[in-house]
Amino acid sequence: MLTEIANPKIRIEHVSYAYDGEEVLRDVTLDVPANAVTAFFGPAGGGKTTLLRLINRLNDLVEGTHLTGQILLDGQDVYATGTNIARLRRRVGMVFALPLPLPGTVRENVLYGPRLAGERDRSRQEEIVVRSLRQAALWDEVKDRLDGPASALSGGQQQRLCIARSLALEPEVLLLDEPTSGLDPISTAKVEESLLELKQHYTIIIVPHSVQQAARVADHAAFFLMGALIEYQPGKRIFTTPHDKRTEDYVTGRFG
Amino acid sequence: MQEISSRRYVVQRIGFGVLVLAALLVVLPILLVVGAIILKGIGAINWEFLTTMPRDGMKAGGIFPAIVGTLLLTLGAALAAIPFGVGGAIYLSEYARDTWLTRAIRLAIVNLAGIPSVVYGLFGLGLFVLFLRFGTSILAGSLTLAIMTLPIIISTSEEALRAVPMEFRTVSASLGGTRWQGIRNIVLPQALPGIITGVILGLLRAGGETAPILFTVAAFFLPRLPQSPFDQTMALPYHLYVISTQVPGMPLQVQYGTALALLALVLSLNVVATVIRSYFRRRRQW
Amino acid sequence: MSKTTPTCWTEFAVEALVRVAGFSAIGFVLLIFLFLLREGVPAFFEIAPGNLFGTRWYPTFDLFGTLPLILGSALITVTAIVIALPLGVATAVFVREVAPGWAREILKPMIEVLAGIPSVVLGFFGMTLIAPLVRQVFGAPTGLTAFTGALILAYMALPTLISVAEDALDAVPRSYRDAALAMGATSWQTIWRVVAPAARSGIVTAVMLGMGRAIGETMAVMMVTGNAARMPVSLDSLFRPVRTMTATIAAEMGEVAAGSTHYHALFGIGIILFVLTFVINLTAASALFQKRRRGGLR
């Protein structure tokens with residue numbers, strides 16, 4: 001079982017996490033390599049989403065929680081005191097399960113993050129819009145309606161807009177929490193396609209919405225069950241030759 | 001069987017009849033009040049009535065200073081109440097954790113809303129007029145009305161803020177926004193129509209109140225416009241009270257006209273609030 | 001890219017500001033109580049208890065018996081609730097359970113209009129139109145009676161009562177209704193036997209809040225009740241003039257010298273009103289908060 005690699009982008013060390021005394025993650029340790037797609041998969045309630053939200057400290061917004069262990073980004077503990085949380089979240093972008101365009105136009109959505117980060121220059125903003133939408137494979141579809149309401153886009157377009165919105169900040173890591181769960185197969189294919197492009201430049205962690213998707217997109221995959229990391233293997237071996245009986249049962253569709 | 005079930009439906013018919021009757025008993029008097037005041041007051045309303053000073057012991061002339069006074073008092077109350085009201089709502093909706101102190105704030109708001117208006121009057125007299133030596137003045141009256149309006153503005157604004165989906169805040173945070181940036185850029189603009197509605201509802205209550213201004217600002221008869229916040233002023237609700245109870249031989253039409261002016265002012269604000277609310281509710285994207 | 005210090009500083013300042021605004025609500029309640037105490041407590045020293053709780057309120061003769069005023073307030077408040085409760089609950093049931101869409105569209109804004117009519121306008125209406133009617137119908141010597149006041153008050157309490165009762169009906173789970181209807185109950189039986197009893201606690205809250213509103217009402221009551229400070233103990237008291245605590249303050253405060261016994265006595269009445277409404281609202285609020293916690297936002 002693989003947990004430690006050289007020069008990981010993210011190192012998760014003995015992380016346990018509880019909401020209101022109820023443990024949702026138990027002693028999870030794993031390394032996430034740079035410039036690859038790592039999938040966290042497993043049945044619902046396994047703690048995958050929680051782990052994602054711990055990496056960019058989004059769970060700071062939730063009250064009554066308890067965290068032990070460390071999460072290192074480029075060797076730096078993201079929970080160290082004095083960490084600039086806003087800057088951390090710019091380095092670690094996130095896309096949610098449901099497309100959540102902010103109120104406003106397509107352009108405003110893309111520029112929301114950069115503007116907060118202090119980007120005032122018009123031409124730089126224009127560059128960001130074009131680059132992010134291209135990277136998210138959305139440019140061709142929306143280039144004529146940049147100033148139309150984001151809510152008028154289709155579900156698949158909205159989700160790619162959300163990806164573009166994260167990319168606008170040029171993050172180092174992109175966290176995707178079931179990014180295709182609400183989408184039709186064609187849109188799903190488009191999103192997955194863009195992931196293959198994106199991993200050249202970004203470290204991507206995805207919680208896929210099915211084992212099949214995990215098998216399609218993942219360079220590495222980790223299987224989570226009820227808050228524990230059961231198995232973590234590089235490449236797609238976990239889907240073909242799982243070591244653990246529980247992993248095997250899950251990937252062959254016996255439960256979950 | 002047949003008979004039992006038909007009796008059940010007779011009972012049902014009677015029951016529904018009673019409910020309809022009750023609803024009519026609620027609605028008809030409202031129509032009666034509004035209708036009577038409009039019908040009997042409309043004859044008194046004309047440009048002169050609305051824009052000139054009262055003359056002849058208020059039996060003739062207009063109600064201009066009372067209208068101006070009420071507008072000034074309402075405006076003053078708004079200026080003082082909005083920062084506290086909206087700020088408090090932001091605190092409760094976006095920052096406060098569920099502690100006993102937060103619950104104490106909520107209880108305080110409920111109680112502020114329940115304190116009788118005349119007690120606000122006493123308080124204004126004790127604190128603003130006498131203790132702080134503002135005297136009987138627009139300043140004292142506005143501040144009294146502001147505190148009275150505060151609970152309405154806080155509760156309606158908080159409701160509007162809470163109605164904005166939690167996800168917007170999460171998204172904003174995930175894009176590197178701080179808590180306040182999320183509030184300022186996303187939550188507040190989305191909640192604004194609801195907040196404005198709440199402010200208007202608070203203000204129309206303030207504008208229509210008489211008891212809190214009785215001893216803090218209202219002048220019985222003052223046929224000139226106030227020059228500073230420390231002046232007294234006439235006000236529409238108090239003027240109506242005065243001419244209908246304190247002045248013998250007052251022409252009934254002038255009384256109805258004054259009542260109509262006050263009612264129209266308050267109800268038009270009410271309509272504005274309703275329109276804002278329904279317009280934005282239809283337009284918003286969530 | 002961004003400078004971090006100004007952001008942090010803004011965050012800190014904003015949170016501090018809104019926190020102050022939030023806590024100001026507590027501050028104002030305390031401040032109000034403090035000033036009532038400051039100006040009102042001397043009354044309890046200056047006036048002998050026998051006098052203070054006596055049956056005669058004639059300030060000119062140094063008689064400060066608050067009993068007739070308290071009973072006056074109680075009489076019209078209770079009468080108002082007796083009138084408003086069945087009307088309000090029935091209207092709420094009608095709006096929530098029975099009324100077709102168009103009727104609801106008319107009723108709701110009408111009730112909002114009622115809530116928006118200034119108290120002094122209702123008082124004026126009561127004086128000029130209701131009082132003469134009461135005099136004719138009940139053959140009373142004057143139309144300015146406790147009953148007239150209670151009638152006006154009932155309508156003033158209705159919007160609060162109806163909206164809280166509606167919320168209570170709303171909170172009754174859909175499944176109760178479905179279960180009753182599935183067992184063959186008529187709609188009426190469902191409302192009468194299932195929905196209304198399930199909403200009972202909410203309706204009690206509605207009554208409390210309506211009462212709080214009624215006790216504190218000032219202008220309308222002052223204009224239509226005749227303001228005679230007599231003990232409302234005889235059977236016909238409902239159709240005789242009466243005087244409430246609120247009306248007494250409103251009518252007399254303008255003419256007293258600050259610092260006089262009479263002045264302190266009026267603030268003393270203010271203390272009684274404050275405490276009464278405080279207790280009523282606290283009770284009602286605790287019921288409301290329990291509901292909120294169950295709903296649980298965050």
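Here is a short chat about a predicted model, going through some helices, a chain contact and a sheet.

Me: Which residues of α4(B) and α6(B) meet?
Reply: From α4(B) come Ile109(B), Leu112(B) and Ala113(B). On the α6(B) side you'll find Leu150(B), Pro151(B), Ile152(B), Ile154(B) and Ser155(B). Sorted by class, that contact has 7 nonpolar residues, 1 polar and no charged ones.

Me: How many residues of chain B are in contact with chain C?
Reply: 75 residues of chain B are in contact with 77 residues of chain C. Helix α1 (residues 2-41) of chain B gives the most to chain B's side, with 20 residues. That side of chain B splits into 55 nonpolar, 16 polar and 4 charged residues.

Me: What is chain C built from?
Reply: Chain C has 12 helices and 2 strands. Starting at the N terminus, its elements go α-α-β-β-α-α-α-α-α-α-α-α-α-α. The C-alpha trace of chain C spans about 70 × 65 × 35 Å along its principal axes. Of its 298 residues, 49% are buried. Among chain C contacts between residues at least 6 apart in sequence, 75% join residues at least 24 apart.

Me: Why do β6 and β10 of chain A stand at the edges?
Reply: They belong to an open sheet of 6 strands in chain A, in the order β6-β7-β8-β3-β9-β10, with mixed pairing. β6 (92-95) and β10 (228-234) each have a single partner strand, so one side of each has no neighbour in the sheet. From one strand to the next, the twist averages 15 degrees.

Me: How do you know that β7 and β8 of chain A pair?
Reply: Pairing takes at least two bridges. Strand β7 (residues 173-177) of chain A and strand β8 (residues 203-207) of chain A have 5 bridges, so they pair, in the parallel sense. Asp177(A) stands opposite Val207(A) in β8(A).

Methods
Residues numbered from 1 in each chain as written. Chains lettered and ligands numbered in written order. Predicted model: local features only at pLDDT ≥ 70, side-chain atom pairs only at ≥ 80, totals over all residues. Contact = placed C-beta atoms within 7 Å. Helix = DSSP H or I, 4+ residues; strand = E, 2+ residues; numbered from the N terminus. Nonpolar A, V, L, I, M, F, W, Y, C, P; charged D, E, K, R; others polar. Buried ≥ 20, exposed ≤ 12 C-beta atoms within 10 Å, placed from the backbone. Axes fitted to C-alpha atoms, helices over the stretch in contact; angles between N-to-C directions.
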